Amino acid sequence: MTSLSKDSAADPHDPVDKALPRAGRAPVGTASAAVAGGVAAVALTVLGAIALRDTAVVVGWIQGSLWIDATVEWIDGLSFQTWMIPAGTAAVVIGLILVIVALTPRRTRVLAVRATSSVWMSTDDLARLATAAAHTVAGVLDVRSDATGRKITVTAQVTDTDGAVAGEIERAVRRCVHPVIVSDPAVHVRIHTGRR
Amino acid sequence: MTRLAMAFDRFIIAIFGVLLIVIGFGALMWNADLIAGMPEYITLGDSAAMLDASWWPWAVAAAGIACVLLGLRWLVAHIPAGARRGVHTTAHTDLGTVELDLQNVAEAAAHNLADNASTYSSNGRAVLDRGVRTIELEVTAQSADDVSTVIENIDETARDIAVAVDDATVAVRTIVHMSKEGQRSRTVR
(Lines give C-alpha, C1' and ligand atoms only; values in the text may rest on other atoms or scores of the structure.)
Protein backbone atom coordinates (compact mmCIF):
# COMPACT_ATOMS: atom_id res chain seq x y z
CA MET A 1 0.00 0.00 0.00
CA THR A 2 1.21 3.47 -0.76
CA SER A 3 1.62 5.80 2.19
CA LEU A 4 1.75 9.51 2.74
CA SER A 5 5.04 10.65 4.22
CA LYS A 6 4.88 12.12 7.71
CA ASP A 7 8.62 12.68 7.83
CA SER A 8 8.99 16.44 7.68
CA ALA A 9 12.76 16.17 7.22
CA ALA A 10 12.25 14.23 4.01
CA ASP A 11 9.45 16.45 2.88
CA PRO A 12 10.52 19.34 0.65
CA HIS A 13 7.66 21.39 2.07
CA ASP A 14 7.81 22.72 5.60
CA PRO A 15 4.69 21.40 7.43
CA VAL A 16 3.88 24.91 8.64
CA ASP A 17 3.82 26.18 5.05
CA LYS A 18 1.85 23.28 3.62
CA ALA A 19 -1.19 24.56 1.80
CA LEU A 20 -4.60 23.14 2.57
CA PRO A 21 -6.38 21.27 -0.21
CA ARG A 22 -9.62 22.52 -1.71
CA ALA A 23 -12.38 22.17 0.88
CA GLY A 24 -14.84 19.40 0.08
CA ARG A 25 -18.53 20.32 0.26
CA ALA A 26 -20.77 19.13 3.06
CA PRO A 27 -21.79 15.51 2.48
CA VAL A 28 -25.45 15.05 1.60
CA GLY A 29 -27.59 11.96 1.77
CA THR A 30 -29.01 10.11 -1.20
CA ALA A 31 -32.08 11.87 -2.58
CA SER A 32 -35.31 9.92 -2.28
CA ALA A 33 -35.93 10.83 -5.93
CA ALA A 34 -32.81 8.83 -6.88
CA VAL A 35 -34.21 5.75 -5.13
CA ALA A 36 -37.59 6.24 -6.82
CA GLY A 37 -35.76 6.80 -10.12
CA GLY A 38 -33.90 3.52 -9.69
CA VAL A 39 -37.17 1.69 -9.07
CA ALA A 40 -38.71 3.36 -12.16
CA ALA A 41 -35.68 2.32 -14.24
CA VAL A 42 -36.15 -1.30 -13.15
CA ALA A 43 -39.89 -1.05 -13.94
CA LEU A 44 -39.11 0.30 -17.44
CA THR A 45 -36.67 -2.56 -18.05
CA VAL A 46 -39.26 -5.11 -16.89
CA LEU A 47 -41.87 -3.51 -19.18
CA GLY A 48 -39.45 -3.87 -22.09
CA ALA A 49 -38.80 -7.50 -21.17
CA ILE A 50 -42.55 -8.19 -21.20
CA ALA A 51 -42.81 -6.66 -24.69
CA LEU A 52 -39.92 -8.84 -25.89
CA ARG A 53 -41.58 -11.88 -24.31
CA ASP A 54 -44.77 -11.15 -26.28
CA THR A 55 -42.68 -10.85 -29.44
CA ALA A 56 -41.12 -14.25 -28.70
CA VAL A 57 -44.64 -15.70 -28.38
CA VAL A 58 -45.66 -14.20 -31.75
CA VAL A 59 -42.53 -15.52 -33.44
CA GLY A 60 -43.21 -18.95 -31.94
CA TRP A 61 -40.07 -19.22 -29.79
CA ILE A 62 -42.15 -19.76 -26.65
CA GLN A 63 -45.74 -20.80 -25.91
CA GLY A 64 -48.25 -18.59 -24.09
CA SER A 65 -50.75 -15.77 -24.33
CA LEU A 66 -49.95 -12.18 -25.32
CA TRP A 67 -49.92 -10.13 -22.11
CA ILE A 68 -49.87 -6.66 -23.70
CA ASP A 69 -52.70 -7.49 -26.11
CA ALA A 70 -54.72 -8.94 -23.23
CA THR A 71 -54.18 -5.75 -21.20
CA VAL A 72 -55.30 -3.51 -24.09
CA GLU A 73 -58.40 -5.67 -24.62
CA TRP A 74 -59.15 -5.56 -20.87
CA ILE A 75 -58.99 -1.74 -20.84
CA ASP A 76 -61.21 -1.50 -23.95
CA GLY A 77 -64.78 -1.64 -22.62
CA LEU A 78 -63.85 -1.26 -18.95
CA SER A 79 -66.64 0.24 -16.81
CA PHE A 80 -66.68 1.53 -13.24
CA GLN A 81 -66.12 -1.13 -10.59
CA THR A 82 -66.03 -0.82 -6.80
CA TRP A 83 -62.36 -1.83 -6.53
CA MET A 84 -61.52 1.40 -8.35
CA ILE A 85 -62.33 3.45 -5.22
CA PRO A 86 -59.52 2.01 -3.01
CA ALA A 87 -57.25 1.71 -6.06
CA GLY A 88 -57.93 5.34 -7.02
CA THR A 89 -57.31 6.50 -3.45
CA ALA A 90 -54.03 4.59 -3.38
CA ALA A 91 -53.03 6.08 -6.75
CA VAL A 92 -53.71 9.63 -5.52
CA VAL A 93 -51.73 9.04 -2.30
CA ILE A 94 -48.78 7.41 -4.09
CA GLY A 95 -48.85 10.17 -6.73
CA LEU A 96 -48.73 12.87 -4.05
CA ILE A 97 -45.83 11.09 -2.33
CA LEU A 98 -43.94 10.86 -5.63
CA VAL A 99 -44.46 14.58 -6.36
CA ILE A 100 -43.21 15.45 -2.86
CA VAL A 101 -40.23 13.08 -3.28
CA ALA A 102 -39.39 14.70 -6.63
CA LEU A 103 -39.40 18.19 -5.13
CA THR A 104 -37.64 17.43 -1.82
CA PRO A 105 -33.98 18.55 -1.78
CA ARG A 106 -31.23 16.30 -0.48
CA ARG A 107 -30.87 16.62 3.28
CA THR A 108 -27.62 17.53 5.03
CA ARG A 109 -27.41 15.91 8.45
CA VAL A 110 -23.89 17.02 9.28
CA LEU A 111 -22.44 19.99 11.14
CA ALA A 112 -19.21 21.81 10.38
CA VAL A 113 -16.36 20.97 12.76
CA ARG A 114 -13.84 23.55 14.00
CA ALA A 115 -10.85 22.59 11.84
CA THR A 116 -8.66 24.19 9.22
CA SER A 117 -9.64 21.60 6.60
CA SER A 118 -13.17 20.52 5.62
CA VAL A 119 -14.34 18.36 8.54
CA TRP A 120 -17.93 17.39 9.37
CA MET A 121 -19.78 15.49 12.10
CA SER A 122 -23.25 13.93 11.87
CA THR A 123 -25.97 14.81 14.36
CA ASP A 124 -25.93 11.18 15.56
CA ASP A 125 -22.23 11.44 16.42
CA LEU A 126 -22.83 14.83 18.06
CA ALA A 127 -25.41 13.10 20.29
CA ARG A 128 -22.81 10.46 21.18
CA LEU A 129 -20.31 13.21 22.03
CA ALA A 130 -22.87 14.90 24.28
CA THR A 131 -23.67 11.59 25.96
CA ALA A 132 -20.01 10.93 26.69
CA ALA A 133 -19.66 14.44 28.16
CA ALA A 134 -22.74 14.03 30.35
CA HIS A 135 -21.38 10.75 31.70
CA THR A 136 -18.42 12.60 33.22
CA VAL A 137 -20.73 14.38 35.69
CA ALA A 138 -20.94 12.82 39.17
CA GLY A 139 -24.35 11.33 39.97
CA VAL A 140 -25.29 10.50 36.37
CA LEU A 141 -26.49 6.92 36.00
CA ASP A 142 -27.57 6.77 32.38
CA VAL A 143 -27.83 9.21 29.48
CA ARG A 144 -29.69 9.39 26.20
CA SER A 145 -29.06 12.23 23.77
CA ASP A 146 -30.64 13.50 20.60
CA ALA A 147 -29.16 16.19 18.40
CA THR A 148 -30.30 18.33 15.50
CA GLY A 149 -28.41 21.06 13.73
CA ARG A 150 -29.56 23.60 16.30
CA LYS A 151 -30.18 21.74 19.53
CA ILE A 152 -28.86 18.93 21.68
CA THR A 153 -31.34 17.33 24.07
CA VAL A 154 -29.76 15.33 26.87
CA THR A 155 -32.01 13.10 28.97
CA ALA A 156 -30.16 11.88 32.05
CA GLN A 157 -31.05 9.47 34.79
CA VAL A 158 -29.44 10.77 37.97
CA THR A 159 -29.18 9.74 41.62
CA ASP A 160 -30.81 12.93 42.88
CA THR A 161 -32.99 15.58 41.19
CA ASP A 162 -30.84 18.33 42.57
CA GLY A 163 -31.13 21.18 40.08
CA ALA A 164 -27.37 21.65 40.19
CA VAL A 165 -26.85 18.34 38.35
CA ALA A 166 -28.71 19.61 35.28
CA GLY A 167 -26.51 22.70 35.22
CA GLU A 168 -23.37 20.61 35.58
CA ILE A 169 -24.45 18.34 32.73
CA GLU A 170 -25.18 21.35 30.51
CA ARG A 171 -21.76 22.88 31.27
CA ALA A 172 -20.00 19.56 30.66
CA VAL A 173 -21.73 19.14 27.30
CA ARG A 174 -20.95 22.73 26.29
CA ARG A 175 -17.28 22.31 27.29
CA CYS A 176 -17.06 19.21 25.14
CA VAL A 177 -19.10 20.38 22.13
CA HIS A 178 -18.07 24.05 21.83
CA PRO A 179 -14.43 23.37 20.79
CA VAL A 180 -15.63 20.87 18.19
CA ILE A 181 -18.79 22.19 16.49
CA VAL A 182 -18.79 25.55 14.70
CA SER A 183 -22.51 26.33 15.07
CA ASP A 184 -22.51 25.94 18.88
CA PRO A 185 -25.94 24.29 19.24
CA ALA A 186 -28.18 24.95 22.23
CA VAL A 187 -28.12 22.36 25.02
CA HIS A 188 -31.32 21.24 26.78
CA VAL A 189 -31.09 18.89 29.76
CA ARG A 190 -33.88 16.76 31.22
CA ILE A 191 -33.22 14.80 34.38
CA HIS A 192 -35.03 11.91 36.04
CA THR A 193 -34.16 10.11 39.24
CA GLY A 194 -33.65 6.39 39.04
CA ARG A 195 -31.47 3.43 39.77
CA ARG A 196 -29.26 1.55 37.44
CA MET B 1 -24.65 10.21 -10.08
CA THR B 2 -24.53 13.34 -12.20
CA ARG B 3 -26.71 16.41 -11.75
CA LEU B 4 -28.35 15.67 -15.11
CA ALA B 5 -29.30 12.15 -13.99
CA MET B 6 -30.64 13.56 -10.73
CA ALA B 7 -32.70 16.18 -12.58
CA PHE B 8 -33.99 13.48 -14.95
CA ASP B 9 -35.05 11.32 -11.98
CA ARG B 10 -36.89 14.23 -10.38
CA PHE B 11 -38.62 15.17 -13.66
CA ILE B 12 -39.81 11.64 -14.49
CA ILE B 13 -40.91 10.93 -10.90
CA ALA B 14 -42.86 14.21 -10.79
CA ILE B 15 -44.55 13.46 -14.14
CA PHE B 16 -45.39 9.91 -13.01
CA GLY B 17 -46.72 11.25 -9.71
CA VAL B 18 -49.00 13.77 -11.45
CA LEU B 19 -50.18 11.02 -13.84
CA LEU B 20 -51.08 8.78 -10.89
CA ILE B 21 -52.97 11.62 -9.20
CA VAL B 22 -54.98 12.30 -12.38
CA ILE B 23 -55.77 8.59 -12.95
CA GLY B 24 -56.64 8.06 -9.28
CA PHE B 25 -58.81 11.17 -9.19
CA GLY B 26 -60.53 10.04 -12.40
CA ALA B 27 -61.28 6.62 -10.88
CA LEU B 28 -62.74 8.24 -7.75
CA MET B 29 -64.87 10.69 -9.73
CA TRP B 30 -66.03 8.18 -12.35
CA ASN B 31 -69.20 7.10 -10.53
CA ALA B 32 -69.63 10.17 -8.31
CA ASP B 33 -71.74 12.19 -10.79
CA LEU B 34 -69.75 15.29 -9.90
CA ILE B 35 -68.27 15.80 -13.35
CA ALA B 36 -70.61 15.99 -16.32
CA GLY B 37 -69.86 13.94 -19.41
CA MET B 38 -67.96 11.10 -17.75
CA PRO B 39 -68.21 8.06 -20.07
CA GLU B 40 -69.77 4.83 -18.85
CA TYR B 41 -67.16 2.70 -20.60
CA ILE B 42 -63.58 3.19 -21.71
CA THR B 43 -63.56 2.69 -25.46
CA LEU B 44 -60.38 2.56 -27.48
CA GLY B 45 -62.39 2.62 -30.74
CA ASP B 46 -60.31 2.11 -33.85
CA SER B 47 -57.14 2.07 -31.75
CA ALA B 48 -58.03 -1.45 -30.56
CA ALA B 49 -57.95 -2.61 -34.17
CA MET B 50 -54.20 -2.04 -34.32
CA LEU B 51 -53.78 -5.27 -32.32
CA ASP B 52 -54.72 -7.12 -35.51
CA ALA B 53 -52.37 -5.12 -37.75
CA SER B 54 -49.39 -6.98 -39.19
CA TRP B 55 -46.97 -4.33 -37.95
CA TRP B 56 -48.20 -4.48 -34.32
CA PRO B 57 -45.94 -7.33 -33.05
CA TRP B 58 -42.89 -5.60 -34.56
CA ALA B 59 -43.87 -2.29 -33.00
CA VAL B 60 -44.13 -4.08 -29.64
CA ALA B 61 -40.69 -5.64 -30.24
CA ALA B 62 -39.14 -2.26 -31.10
CA ALA B 63 -40.75 -0.65 -28.06
CA GLY B 64 -39.51 -3.54 -25.91
CA ILE B 65 -35.92 -3.16 -27.10
CA ALA B 66 -36.12 0.60 -26.57
CA CYS B 67 -37.55 0.17 -23.03
CA VAL B 68 -34.87 -2.37 -22.04
CA LEU B 69 -32.01 -0.23 -23.40
CA LEU B 70 -33.35 2.98 -21.86
CA GLY B 71 -34.08 1.22 -18.55
CA LEU B 72 -30.56 -0.23 -18.34
CA ARG B 73 -28.98 3.11 -19.28
CA TRP B 74 -31.10 4.81 -16.64
CA LEU B 75 -30.00 2.21 -14.06
CA VAL B 76 -26.33 2.71 -14.96
CA ALA B 77 -26.80 6.46 -14.41
CA HIS B 78 -27.48 5.65 -10.74
CA ILE B 79 -24.03 4.12 -10.25
CA PRO B 80 -21.67 6.79 -8.84
CA ALA B 81 -19.51 8.17 -11.64
CA GLY B 82 -16.37 7.64 -9.55
CA ALA B 83 -17.16 3.95 -9.13
CA ARG B 84 -17.65 3.52 -12.88
CA ARG B 85 -14.62 5.35 -14.22
CA GLY B 86 -12.35 5.76 -11.21
CA VAL B 87 -11.16 9.15 -9.97
CA HIS B 88 -7.77 10.27 -11.21
CA THR B 89 -5.57 13.32 -11.46
CA THR B 90 -3.13 13.76 -14.31
CA ALA B 91 0.21 15.58 -14.48
CA HIS B 92 2.23 16.24 -17.64
CA THR B 93 6.03 16.15 -17.38
CA ASP B 94 8.92 16.15 -19.84
CA LEU B 95 9.00 12.37 -19.55
CA GLY B 96 5.31 11.91 -20.28
CA THR B 97 1.97 11.86 -18.53
CA VAL B 98 1.56 10.68 -14.96
CA GLU B 99 -1.87 9.54 -13.82
CA LEU B 100 -2.55 9.23 -10.10
CA ASP B 101 -5.45 7.10 -8.86
CA LEU B 102 -6.98 9.17 -6.06
CA GLN B 103 -8.48 6.03 -4.50
CA ASN B 104 -4.93 4.96 -3.60
CA VAL B 105 -4.26 8.37 -2.05
CA ALA B 106 -7.48 8.14 -0.04
CA GLU B 107 -6.59 4.66 1.24
CA ALA B 108 -3.06 5.76 2.14
CA ALA B 109 -4.39 8.79 4.02
CA ALA B 110 -6.85 6.61 5.93
CA HIS B 111 -4.01 4.20 6.73
CA ASN B 112 -1.94 7.06 8.14
CA LEU B 113 -4.85 8.26 10.29
CA ALA B 114 -5.47 4.72 11.57
CA ASP B 115 -1.89 4.58 12.87
CA ASN B 116 -2.76 7.12 15.56
CA ALA B 117 -3.83 5.85 18.99
CA SER B 118 -6.71 8.35 19.09
CA THR B 119 -8.26 6.77 16.01
CA TYR B 120 -10.57 3.82 16.45
CA SER B 121 -10.91 3.21 12.70
CA SER B 122 -10.67 5.07 9.43
CA ASN B 123 -11.34 4.57 5.75
CA GLY B 124 -10.96 6.62 2.62
CA ARG B 125 -12.36 6.71 -0.88
CA ALA B 126 -12.24 8.90 -3.93
CA VAL B 127 -15.59 10.16 -5.21
CA LEU B 128 -16.99 12.58 -7.74
CA ASP B 129 -19.08 14.83 -5.53
CA ARG B 130 -21.32 17.14 -7.53
CA GLY B 131 -18.72 17.20 -10.28
CA VAL B 132 -15.72 17.77 -7.99
CA ARG B 133 -13.07 15.07 -7.54
CA THR B 134 -13.09 14.61 -3.78
CA ILE B 135 -11.06 12.48 -1.40
CA GLU B 136 -13.47 11.53 1.37
CA LEU B 137 -12.12 10.28 4.68
CA GLU B 138 -14.17 8.84 7.53
CA VAL B 139 -12.47 8.73 10.90
CA THR B 140 -13.87 7.28 14.10
CA ALA B 141 -12.44 8.65 17.35
CA GLN B 142 -11.71 6.24 20.19
CA SER B 143 -13.54 8.46 22.71
CA ALA B 144 -14.81 11.99 23.29
CA ASP B 145 -11.42 12.92 24.80
CA ASP B 146 -9.71 11.97 21.54
CA VAL B 147 -11.81 14.13 19.20
CA SER B 148 -9.53 17.19 19.34
CA THR B 149 -6.44 15.08 18.62
CA VAL B 150 -8.22 13.33 15.78
CA ILE B 151 -9.17 16.69 14.23
CA GLU B 152 -5.54 17.89 14.45
CA ASN B 153 -4.43 14.69 12.70
CA ILE B 154 -7.09 15.17 10.04
CA ASP B 155 -5.86 18.70 9.29
CA GLU B 156 -2.26 17.48 9.05
CA THR B 157 -3.31 14.60 6.79
CA ALA B 158 -5.28 16.99 4.56
CA ARG B 159 -2.10 19.05 4.10
CA ASP B 160 -0.16 15.87 3.28
CA ILE B 161 -2.77 15.00 0.67
CA ALA B 162 -2.47 18.47 -0.89
CA VAL B 163 1.30 17.98 -1.19
CA ALA B 164 0.97 14.42 -2.52
CA VAL B 165 -1.71 15.21 -5.10
CA ASP B 166 -0.46 18.69 -6.08
CA ASP B 167 -3.73 19.48 -7.83
CA ALA B 168 -5.75 22.42 -6.49
CA THR B 169 -8.93 21.12 -8.10
CA VAL B 170 -9.01 17.98 -5.95
CA ALA B 171 -11.04 18.52 -2.78
CA VAL B 172 -10.69 16.77 0.57
CA ARG B 173 -13.37 16.34 3.20
CA THR B 174 -13.50 14.29 6.36
CA ILE B 175 -16.40 13.02 8.45
CA VAL B 176 -15.64 12.41 12.12
CA HIS B 177 -17.53 9.68 13.94
CA MET B 178 -17.65 8.74 17.60
CA SER B 179 -16.89 5.17 18.54
CA LYS B 180 -19.90 3.45 20.06
CA GLU B 181 -17.52 1.59 22.35
CA GLY B 182 -16.07 4.89 23.55
CA GLN B 183 -19.25 5.95 25.29
CA ARG B 184 -20.76 4.52 28.40
CA SER B 185 -24.47 4.80 27.67
CA ARG B 186 -26.22 1.87 26.06
CA THR B 187 -29.27 3.90 25.05
CA VAL B 188 -27.78 6.66 22.98
CA ARG B 189 -29.38 7.15 19.58
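# Reading a predicted two-chain model

Q: Which residue of β2(B) is the bridge partner of B:His92?
A: In this predicted model, B:His92 has B:Thr97 as its bridge partner in β2(B).

Q: How do you know that β1 and β2 of chain B pair, and in which direction do they run?
A: Two strands count as paired if there are at least two bridges between them. Strand β1 (residues 88-93) and strand β2 (residues 96-101) of chain B are joined by 6 bridges and run antiparallel. With 2 residues between them, β1(B) and β2(B) form a hairpin.

Q: How do you know that the buried residues of α5(A) line one face of the helix?
A: The buried residues are A:Val165, A:Ala166, A:Ile169, A:Ala172, A:Val173, A:Cys176 and A:Val177. Seen down the axis of α5(A), they fall within an arc of 125 degrees, so they line one face. The face turned away from that side carries the exposed residues A:Gly163 and A:Arg175. Among the elements covering the buried residues of α5(A) are α4, β4, β5 and β6 of chain A.

Q: Why is the length of helix α2 of chain B said to agree with what it should be?
A: The 21 residues of this helix, 56-76, should span 30 Å at 1.5 Å a residue, and its end C-alpha atoms are 30 Å apart.

Q: What covers the buried residues of α2(B)?
A: The cover includes α1 (32-59) and α2 (67-75) of chain A together with α1 (3-29) of chain B. The buried residues of α2(B) include B:Trp56, B:Val60, B:Cys67 and B:Trp74. The buried residues fall within an arc of 165 degrees seen down the axis of α2(B), so they too line one face of the helix. Exposed residues B:Trp58, B:Leu69, B:Leu70 and B:Arg73 sit on the face turned away from the buried side.

Q: Why is the pair A:Asp54 and A:Arg53 called a salt bridge?
A: The cut-off is a side-chain nitrogen of Lys or Arg within 4 Å of a carboxyl oxygen of Asp or Glu. For A:Asp54 and A:Arg53 the N to O distance is 2.8 Å, so the pair qualifies. Both A:Asp54 and A:Arg53 are buried.

Q: How do you know that A:Arg109 and A:Asp124 form a salt bridge?
A: Their closest N and O atoms are 3.8 Å apart, which is within 4 Å, so the pair counts. The pair links distant parts of the chain, 15 residues apart: A:Arg109 is in the loop between α3 and β2 of chain A, and A:Asp124 is in helix α4 of chain A. A:Asp124 has a relative accessible area of 36%, so it is partly exposed.

Q: What separates A:Arg128 and A:Asp125 in helix α4 of chain A?
A: They are 3 residues apart, so about one helical turn separates them. An α-helix has 3.6 residues a turn, so residues three or four places apart point the same way. A:Arg128 and A:Asp125 form a salt bridge with closest N and O atoms 2.9 Å apart.

Q: Why are A:Arg128 and A:Asp125 called buried?
A: Buried means under 20% relative accessible area. A:Arg128 has 13% and A:Asp125 has 3%, so both count as buried.

Q: How many salt bridges are counted between chain A and chain B?
A: The count is 0. Over all chains the structure holds 10 salt bridges. In chain B, a network of salt bridges links B:Arg125, B:Asp129, B:Arg130, B:Glu136 and B:Arg173.

Q: What area is buried between chain A and chain B?
A: It is about 7300 Å², and carbon and sulfur atoms give 67% of it. In the contact, 92 residues of chain A meet 83 residues of chain B.

Methods
Residues numbered from 1 in each chain as written. Chains lettered and ligands numbered in written order. Predicted model: local features only at pLDDT ≥ 70, side-chain atom pairs only at ≥ 80, totals over all residues. Heavy atoms only, no water. Buried < 20%, exposed > 50% of the residue type's maximum accessible area, 1.4 Å probe, protein only. Helix = DSSP H or I, 4+ residues; strand = E, 2+ residues; numbered from the N terminus. Arc of directions from axis to C-beta. Contact = heavy atoms within 4.5 Å. Buried area = accessible area lost by both parts, 1.4 Å probe. Expected span 1.5 Å × (residues − 1).
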